[in-house]
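I set out to record what I looked up in this structure, entry by entry. I begin with backbone geometry and then turn to domains, chains and their contacts.

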Amino acid sequence: MKFFLLLLTGVYLLQAADSLQVPLLGDQPDGNRATPIHHIKLLDQDSSVIYPDEHPLLPFSTQKTCGPCHNYAVISRGWHFNAADSAVDAGRQGPPFIWLNRHALIQIPLSYRSWPGVFNPQDLGITALHFTSRFGGYMPGGGVAADTSLQTLKNYWRWQVSGQAEVNCFACHDASPLYDAAEYVDQMKRQNFRWAATASTDLARVEGSARNMPDNFDLYWGVAPDEPRKQPPTVTYDARRFDKKGQVDLVLTRKIPNDRCYFCHSQKFENNQRQTEALYDDVHLKAGLHCVECHQNKLDHQIDRGLAENENSCENCHLNSGRFGAPKPQHKGLPPVHLEKVACTTCHSGPQPLNTSYLAHTSLAHELGTKYAHREATALPHIQAPVFARNAQGKIAPNYMAWPVLWAIVRNDSLSPIPLEQVDEVISPLIARGDSLPTEDWPLLNDSLLTTSLDTLAQIFPQQQVVLVAGTNRFFLNSQKQLTVQQTDVPEPYLWPLAHDVRPAAQALGANGCTDCHSLSAPFFNSKIRNETILSDVQASLLPGNRFMKINQATANLFSSTFLFRPLLKIVVVLFYLLLLAVFVLYFFKGINYLINQLNQQQD
Amino acid sequence: MFRISVLIVLLVTIVLYWKNRKQHSLNQLKNQLLQNLKADRPGFLKQLRMFSFAWSALLFVLLGLSGFLPELLTGHHMSGFILVLHVLLAPFFLIAFTFWIFASVKRQAFIEKDWQIFKQGWTTIRSHQPTMDKLFFWSFFLLSLIGIGAIILSLFPLFSSSGIGNLIGIHRYVMLLLFLIAVVFYFRYFSLNQKIKIEEK
Amino acid sequence: MSFKENTDNSLNRRQFLKKSAAAGAGLIFAPMVMTRARANDSNDLNVVLIGAGAEGSVLMNSMLKIPGIRFKAVVDIWEKYNLRRAVRLLKKYRHDVRGYIDYREMLAKEKDLDAAIVATPDFWHAPHAVACMEAGLHVYCEKEMSNTLEGARKIVEAQRRTGKLVQIGHQRRSNPRYRFSFFKLIKEAQLLGRITTVNGQWNRSVQPDLAWPEKYAIPEHILRQYGFENMHQFRNWRWYKGLGGGPIVDLGSHQLDIYNWFLESVPKSVMANGGTDYYDPSTHEWYDTVLATFVYQTKYGTVRAFYQTITTNSNLGYFEAFMGDQGTLQISESGGRAGLYREQMAPPWDRFVELGYLKPPKEEAPKPAAGALLDVRETLAPPRYELPVVMRDPYHKPHLENFFNAIRGKEKLNCPVEVGYETAVTVLKVNEAVASGRKIYYRPDEFKI
């Protein structure tokens, strides 16, 4: 009985202690708007203080260094870090990572979030290790790069070598102009997950590569004994930054500089008809706002994604709260049906629509900002924009779009993607052999090569139909082993919202009148999007750009055609109306006149 | 709100039809119209009046149906092909209506007798079909001016989106009221079972 | 199955040879056919890993790829680092494993073990191996058998006394490329003709001393209990006299073992030169540079073998080259450094290519420039023939597999204690030769116990 009571008391005390948990120093701002100075010691993963003259030197750990004052556990559940958490609502679609393999003819949008249209890396045999080393440079640490539940046993040793990539606080909060996000990308590609954050700051340099280290690599080894060309990850700190106590001054900020966001969230648009420069003229930024003023978050790091219902959405700022002095739009001459059926971004965001969609280059997909950047206008992966489609609210909104290109097996009328490693092993050598042109687009292909590729894969999957899907084209071998192409809607392309750069009113769709959209040649209803055709001897076919808008094209054209004679119509209706008005006024005054006479007569 | 209003108008129409179902028949309507035509003075004006009235009435019904049915059935305002139809028919209605007004306005002007009847109160006015006809005409005319005017104003970039929304709202409600008046007058026509008596100076 | 039979079979089935080579199944050249043990059957073996440092991790990594091996315990005196890491890793692989600091405690408590893997510093090999044998375990003992001949002898005596299987960790003895080279090329085809000289080296770059996380340093009393004065000694034991034998033992023993094997002999004498020329002698008691010359009397005649190990430059890495009057075999555990070169006066090797002993050479000698008045050519590198055998497994895996299969009665050990002892004698004498500065002669009886 005594023991039971003691146990109960212990449990109660523990719970009470938990509820009385004191917030960490950095979790609750005291109201002072100035940025606090961070004159602190750097700690490694073992919570040991880092002194620049020690050997060996380990990278600092953000969890151990920042964690004592900022609740790392809470922060690491933030939006940028929780992609792989299946309990988190995926919400509105967002930019995917795109697995690209030119020689294996693979272009697949990936995400751990369950957005419709993306593929889950695990379903394609992509391990967390490979995902992280390929895309981790554009993820601010944590999440997939540190989620041990995603790490396969097969790669356990490699994770011990590379370490986990902790939440990289510096990716956003480092205000130093010398913060090098491109270096972070490079380090992640080398599987220096543990070192990447350190390397990206101006505090240290990291050379070497965990990728080249053997499975039993130890942090305290030094060089790989018999592989002199393979240098292990080695940190060298800038000793000048350390004082005698081992403290450094970190240049940090609450208000994230736009450059930090830009590195991962940049885009530029190319078009066959004309090259466009990246649009750097977001009206909000020109007005002096920072990205984080709209895309806010609190300690929980649940960043505002600009959804309509959020506090900092277009509607809430411009129509309701007037935050940041947001002007209230008059939309003079714009019938309100547009505001019901069309999102703000349709008219105000992204590049002006042209007759053919732009090829968009994004940070995530084209590794912009790094030495790996895909620079050619038609460089893979092919992302098109703007592509207008219905959003979750049923409004037409602009999107980026990527067609998947993948190899699959047809099973019961559905497609099962073939694991990428298997495809790479079989297909890449076949296609690489003949790929001699230095292009970042698809390699030159012909029927014969595709036939051989399909046939080779078919031998691995006997009795099953192997297909290559590219855009709406489904390539396969018929019973006579001839290459056949069929049109298909499966899988659908992946679309995600395009919201930047925001154009001011004078550059919005409709600024030049209704015929910006409502005309028979206006791009809005009549533009074309490119089909993903990988055969070089077939010109890339174009598809109607409105296929995702769920409108009746005939009706739209009919309505647009009314604008041909609309000016004349206005003249006619005004004229006739004035006639009617004149008649009414005439008889009205006649009536008034009679009444006045009657009144006069009565008085008399 | 507008959907409820349309529903009310529909109910009123149904009730009126029910009340007048014995008197009401298409044959009778046709006969009445023919009688009215015969009673009318012959001439170009008569032709114009007849032609423009027919077109106005037809277009009015089509416009009404295209405007109210989507609201009634779906709760949303018209869109798509129906909107295009409505937009295409409206100018023609305006033109036909204008001609009808021009052809009819003189005979619909209030005369001394009408003023005398006005002085005697609503009961007398109600019982006097020609005066009631004129009242219907002028109220229809006035409301049309308001309703059409609202839409014409929305064609120009003079108002903000919310302003245009208000104008469209005015148009819808005024047109609904017009429709109601037309329905009431239509069925009254049968209930009274009277010929149109044209009284003009 | 005799090798003759093997040869006939392989002569007639070149494709089979190529396919099995490509699959890394060079073990068909093993004296006995090996069949792979299946997991979760009566062939499963319970093992303990003694020493979970760098080499222990390498062995652990290999063993995790061998079915039918169940780790039951890990022993390491570095509790907070090596031991914790190993136990955590093995548990991740679902091995029901317990960690121990002291091997005696482990032996007292673990009663269901079949074998012990000893990967501790050289001076502990003998105590650990002997204790395990006396506890009834078969032992895989990393090379060198010991840092002293006395220690090596104790292992041999214990093996004879207990009858347990003891494999010494000269893993090249089970490497299919090495086995092919010896059994097929040297013995069967006699490709090299009469071997006259051998050259070998292991060159490594300058390396800093191994460090450790201060937070997890082993308490001094434990260090001393297990023979170390401080953490630096514990981490860098190879450089300390009394603990290890220096680079010539760490590295040279692998290759000198190959010398003995391929020459089917033991050396008659050794002359060696060396010293601690580069590193701090207070922390590097052993020689950082050793150059040794051996003389063998083999069935071919006199063979002179040169060996060097340097730790200040990595030029050309590590390899062994056996030079005969017909050709040269250059081989290394690192697959990219192997090759065979025909001597100019030797008959063409096309026949050997056809018979599957060799892969055809890749490069051809370029033709002389057309129209040249004088046929002046540069001295060209001779064409390089490659082994038709590749090994894609981790280096230690075949040797461990051989050990476990020997326990299961399916194979014979490729490196039993007697063989290991011969190598130990060969290698340990080199340090003596360096120290004395004179030629040391080996007595034949020294190699036998």
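**Entry 1. Backbone of chain A**

I located Pro381(A) in the loop between helix H15 (363-366) and strand S9 (383-390) of chain A. Here helices (H or I, at least four residues) and strands (E, at least two) are DSSP runs, numbered from the N terminus. I note that the model is predicted, that local features need pLDDT of at least 70 and side-chain atom pairs count only at pLDDT 80 or more, while totals for chains, interfaces and linings use all residues. Residues are numbered from 1 along each chain as its sequence is written, and chains are lettered from A and ligands numbered from 1 in the order in which they are written.

I then checked omega for the bond from Leu380(A) to Pro381(A): the bond is cis, near -5 degrees. Asp501(A) sits in the loop between strand S16 (494-497) and helix H18 (523-526) of chain A.

For phi, I found His331(A) at a positive value of about 50 degrees, although the residue is not a glycine. The loop that holds His331(A) lies between helix H12 (314-321) and helix H13 (337-341) of chain A. Gln463(A), also not a glycine, has a positive phi of about 65 degrees. I placed Gln463(A) in the loop between helix H17 (447-460) and strand S13 (465-470) of chain A.

Is His331(A) buried or exposed? I applied the count of other C-beta atoms, placed from the backbone, within 10 Å of a residue's own: 20 or more is buried, 12 or fewer is exposed, and in between is partly exposed. His331(A) counts as buried because it has 21 C-beta neighbours inside 10 Å. Gln463(A) has 5 other C-beta atoms within 10 Å and is therefore exposed.

**Entry 2. Domains of chain A**

I took the domain bounds as given by an automatic or database domain assignment. Chain A is divided into domain 1 (37-168 + 176-250), domain 2 (258-402 + 494-562), domain 3 (405-487) and domain 4 (570-604). The C-alpha centres of domain 1 and domain 2 of chain A are 32 Å apart. The contact between them takes 25 residues from domain 1 and 25 residues from domain 2 of chain A, two residues being in contact if their C-beta atoms, placed from the backbone, lie within 7 Å. On the domain 1 side, at least two residues each come from helix H3 (72-75), strand S2 (97-101), strand S3 (106-110) and helix H7 (181-189) of chain A.

I counted eight helices and zero strands in chain B. Buried residues make up 22% of the 201 residues in chain B.

I looked next at helix H4 (residues 80-104) of chain B, which has 25 residues and reaches 35 Å from its first C-alpha to its last, close to the 36 Å expected at 1.5 Å a residue. That expected span is 1.5 Å times one less than the number of residues. Where does H4(B) kink? A kink of about 25 degrees lies at Leu89(B), shortly before the proline Pro91(B); the bend is the angle between axes fitted to the seven residues ending at a residue and the seven starting there. Among the buried residues of H4(B) are Phe93(B), Phe97(B) and Trp100(B). What covers the buried residues of H4(B) includes H19 and H20 of chain A, together with helix H3 (44-74) and helix H7 (129-154) of chain B.

For the interface as a whole, 29 residues of chain A are in contact with 31 residues of chain B. Helix H19 (553-562) and helix H20 (566-603) of chain A each supply at least two residues of the chain A side. H20(A) gives the most to that side, with 16 residues.

**Entry 3. Chain C**

I recorded domain 1 (31-172) and domain 2 (179-368 + 378-395 + 416-447) for chain C. Their C-alpha centres are separated by 25 Å. In the contact, 26 residues of domain 1 of chain C meet 29 residues of domain 2 of chain C.

Chain C also touches chain A, through 20 residues from chain C and 17 residues from chain A.
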